[in-house]
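Thank you for letting me take a few minutes this morning. Please have a look at the model while I talk, and we will go through it region by region.

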Amino acid sequence: LASTSLRDEWLDGATLVHVGSATLAVEPSRGATLQLVERARAQGIAVAVDLNWRPHLWADPASAQPLIRELLARADLVKIADDELEPLFATVDPDAGAAAIAALGPGVVVVTMGPAGSRLYARGACVAQPAPVVPVVDATGAGDGFWAGVLSTLDARLPSPQSRAALESLELATLATATARGNQIGAQVVTQIGATTALIRVRAP
């Protein structure tokens with residue numbers, strides 16, 4: 001993906017723009033990612049980030065820190081797995097890690113903790129939610145399934161345009177409904193082999 005590949009019409013009617021940190025590892029995807037985020041913000045569209053830390057993608061993993069922080073400063077919602085806290089924020093404590101992320105700007109931070117569920121940090125509060133107990137066959141894609149559940153739930157509640165402002169006004173209970181849905185879908189994903197085999201298929205209108 002390059003900046004020259006971006007199309008303005010991609011954002012038409014959008015309520016969320018979702019990116020990950022992996023595309024920051026190299027150019028031209030790095031510049032394209034940051035430019036897409038800037039375009040979304042300029043149009044009042046909420047930006048969601050999955051940190052998805054993959055050090056092997058970086059020629060120099062140490063160079064990731066300032067770029068990731070630059071991305072987080074432009075984000076509205078952020079997901080991070082508990083095992084990503086230490087390499088990125090030098091802590092294993094979800095509360096401390098979430099506070100470090102929130103200090104950069106995002107108003108909603110979610111820490112996923114595998115079978116221990118997830119923690120939602122927003123509106124000055126923390127909502128811990130357990131994961132459903134299921135037989136685990138393959139954990140691949142559990143985090144992606146979780147975030148898909150969160151974002152799809154929020155998408156149904158956000159207007160276009162100006163979803164950023166609307167997100168800021170959502171009540172904590174509404175945000176918690178989204179993370180509860182994420183827990184359900186993440187748990188469903190691990191019951192079959194493959195990252196998408198057990199995902200719910202939603203037919204586009």
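In which loop is Ala-90 found? What we have here is a predicted model, and in it Ala-90 sits in the loop between helix 3 and helix 4, the latter covering residues 94-102. I begin with this residue on account of its backbone, where phi is near 55°, a positive value in a residue other than glycine. Its relative accessibility is 70%, and since anything over 50% is called exposed, Ala-90 counts as exposed.

A second residue belongs in this part of the talk, namely Gln-162, which is not a glycine either and has a positive phi of about 65°. Gln-162 lies in the loop between helix 5 and helix 6, and with a relative accessible area of 45% it is partly exposed. That loop also contains Pro-161, and the peptide bond that joins Ser-160 to Pro-161 is cis, with omega about 5°. Another cis peptide bond runs from Glu-27 to Pro-28, where omega is near 5°, and Pro-28 is placed in the loop between strand 1, residues 16-20, and helix 1, residues 29-42.

Let me turn now to the way two of the helices meet. Two packed helices are described by the angle between their axes and the distance between the axes. For helix 2, residues 64-72, and helix 3, residues 82-89, the axes come within 11 Å and cross at roughly 115°. On the side of helix 2, the residues in contact are Gln-65, Ile-68, Arg-69 and Leu-72, and they meet Pro-87, Leu-88 and Phe-89 in helix 3. Sorted by class, this contact has five nonpolar residues, one polar residue and one charged residue.

How many aromatic pairs does the structure hold? There is one aromatic pair, and it is formed by Trp-53 and Trp-58, whose ring centres are 6.3 Å apart and whose planes stand at 40°, so the pair is described as tilted. Both of these tryptophans, Trp-53 and Trp-58, are buried.

The last part concerns empty space. Rolling a probe the size of a water molecule over the atoms shows where empty space is left. In this model the count comes to one cavity of 30 Å³ or more, and the volume of this largest cavity is about 40 Å³. Its lining is made up of Leu-77, Val-108, Val-110, Leu-120, Val-150, Leu-154, Leu-175, Ala-178 and Thr-179. Strand 4, helix 5 and helix 7 are the elements that give two or more residues to that lining, and helix 7 gives the most, with three residues. If you sort the lining of the largest cavity by class, you find eight nonpolar residues, one polar residue and no charged ones.

What volume does the largest pocket have? The value is about 700 Å³, and the pocket is lined by 30 residues, of which Thr-112, Gly-114, Ala-139, Ala-142 and Gly-143 lie nearest its centre. Strand 3, helix 3, helix 5 and helix 7 each supply at least two residues of this lining. By class, the lining of the largest pocket has 13 nonpolar, 10 polar and seven charged residues, whereas the lining of the largest cavity, as I said, has no charged residues.

How values were computed
Residues are numbered from 1 along each chain as its sequence is written. This is a predicted model: local features need pLDDT of at least 70, side-chain atom pairs count only at pLDDT 80 or more; totals for chains, interfaces and linings use all residues. Side-chain values use heavy atoms; hydrogens and water are left out. On a 1 Å grid over the protein atoms alone, a cavity is a set of points where a 1.4 Å probe fits but cannot get out, and a pocket is an open set with protein on both sides within 12 Å along at least five of seven lines; lining residues have an atom within 4 Å of a point. Grid points are joined across faces, edges and corners, and a volume is the space filled by probe spheres set on the points. Helices (H or I, at least four residues) and strands (E, at least two) are DSSP runs, numbered from the N terminus. Ala, Val, Leu, Ile, Met, Phe, Trp, Tyr, Cys and Pro count as nonpolar, Asp, Glu, Lys and Arg as charged, and the others, Gly among them, as polar. Axes are lines fitted to C-alpha atoms, for helices over the stretch in contact, and angles run from 0 to 180 degrees between N-to-C directions. Contact means heavy atoms within 4.5 Å. Rings of Phe, Tyr and Trp (its six-membered ring) pair if their centres lie within 6.5 Å; planes under 30 degrees apart count as stacked, over 60 as edge-to-face and the rest as tilted. Buried means under 20% relative accessible area, exposed over 50%, partly exposed in between (1.4 Å probe, protein chains only).
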